[in-house]
Amino acid sequence: MPFDIQDLSGTFSVGDIAIAMLLSFVLSAGIAWVYRFTHRNVSYSQSYVQTLVILGMLISLIMLVVGSNIARAFALVGALSVVRFRNAIKETRDVGFIFLVMGVGMATGTRFYTLAIVAAVVISLVIVVMFRFNWFASNVQRQVVKVQVPPDGNYTDNIQDVLIAHTSEFELISMESIRGGALTELMYTVRLKKGHEPGQLISALGERTGGQRVTVLTGYDQTDL
């Protein structure tokens, strides 16, 4: 019995494939550059940015395969449901970029080329504008203070006296026994008073901790005593 091999690629032309793949690549690469330009934290990953480009092209390919066939759509959903991703997303904005390249890939794969271009450009401009003018930034600057003290003595009250003098508000968020019970580590979130510097807080705490370690975390900067 001869095999009946049927190529369904004829449902779309080579030109359609080339335009969808090329356009999804260009737009996804542009979105990836916007992500790189607007990224501020130390968690930048080249692998993640390259994945954005691949994902945009892959979604475009999937949409070409699915077309308007409902049966293929359900089959692909079932096939993709077995995929498990173990890498945690480090920032919530990273999820937004994933959905952005997915949306662009869907638009190019379904041959809504103008929609894909306009959406990618407009949303990318909005991201750049928010980055450039620092929209929705909080003016409240908080620090994390870690203090190590001997387990005995009245050190906790002494530390709180210093915090009252140097901060407008503070909160104890953890207390942990370290070094086999030889020390107790206290962690506070604080808001420094206007005109007070982290170095002044560290010096004041150092006089009350019996010479033990004091650390102040300000964003991604760390100051130790």
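Residues are numbered from 1 along each chain as its sequence is written, and side-chain values use heavy atoms, with hydrogens and water left out. In this predicted model, local features need pLDDT of at least 70 and side-chain atom pairs count only at pLDDT 80 or more, while totals for chains, interfaces and linings use all residues.

Student: Why is Tyr35 called buried?
Tutor: Buried means under 20% relative accessible area, exposed over 50%, and partly exposed in between, with a 1.4 Å probe and protein chains only. Tyr35 has 1% relative accessibility, so Tyr35 counts as buried.

Student: What makes Tyr48 and Phe97 buried?
Tutor: Tyr48 has a relative accessible area of 14%, so Tyr48 is buried. Phe97 has 4%, so Phe97 is buried.

Student: What makes a set of residues a nonpolar core?
Tutor: The members are buried Ala, Val, Leu, Ile, Met, Phe, Trp, Tyr and Cys residues, joined through side-chain atoms within 4.5 Å. The largest such core here has 25 residues. Those with the most contacts inside it include Tyr35, Tyr48 and Phe97. In soluble globular proteins, nonpolar side chains tend to be buried together.

Student: Which helices supply at least two residues each of this core?
Tutor: Helices H1 (14-38), H2 (46-66), H4 (92-109) and H5 (113-132) do. H2 gives the most, with nine residues. Helices (H or I, at least four residues) and strands (E, at least two) are DSSP runs, numbered from the N terminus. Another core, of 16 residues, lies apart from this one; Val145, Val147, Tyr188 and Val190 are among its members.

Student: What is Ile31 in contact with, leaving aside its neighbours within four places in sequence?
Tutor: Contact means heavy atoms within 4.5 Å. Ile31 is in contact with Phe97, Leu100, Val101, Val104, Ala120 and Ser124.

Student: How many aromatic pairs does a search of the whole structure find?
Tutor: Six. Rings of Phe, Tyr and Trp (its six-membered ring) pair if their centres lie within 6.5 Å; planes under 30 degrees apart count as stacked, over 60 as edge-to-face and the rest as tilted.

Student: What makes the pair of Tyr35 and Tyr48 tilted?
Tutor: The centres are 5.1 Å apart, with 55 degrees between the planes. That angle falls between the two limits, so the pair is tilted. Tyr35 is in helix H1 and Tyr48 in helix H2, 13 residues apart.

Student: Why is the pair of Tyr35 and Phe97 edge-to-face?
Tutor: The ring centres are 5.0 Å apart and the planes stand at 80 degrees, so the pair is edge-to-face. Tyr35 lies in helix H1 and Phe97 in helix H4, so the pair ties together parts 62 residues apart in sequence. Ring pairs link Tyr35, Tyr44, Tyr48 and Phe97 into a cluster.

Student: Which residues lie nearest the centre of the second largest pocket?
Tutor: Thr38, Arg40, Arg93, Met130 and Phe131, out of 17 lining residues. H4 and H5 are the elements that give two or more residues to this lining.

Student: Where is Arg111, and why is it called partly exposed?
Tutor: Arg111 is in the loop between H4 and H5. Its relative accessibility is 38%, so Arg111 counts as partly exposed. Arg111 has a positive phi of about 65 degrees although it is not a glycine.

Student: Why is Asn134 called partly exposed?
Tutor: Asn134 has 37% relative accessibility, so Asn134 counts as partly exposed. Asn134 lies in the loop between H5 and strand S1 (143-149). Its phi is positive, about 55 degrees, although Asn134 is not a glycine.

How values were computed: 1 Å grid on protein atoms, 1.4 Å probe; cavity = no way out; pocket = protein on both sides within 12 Å on 5 of 7 lines; lining within 4 Å.
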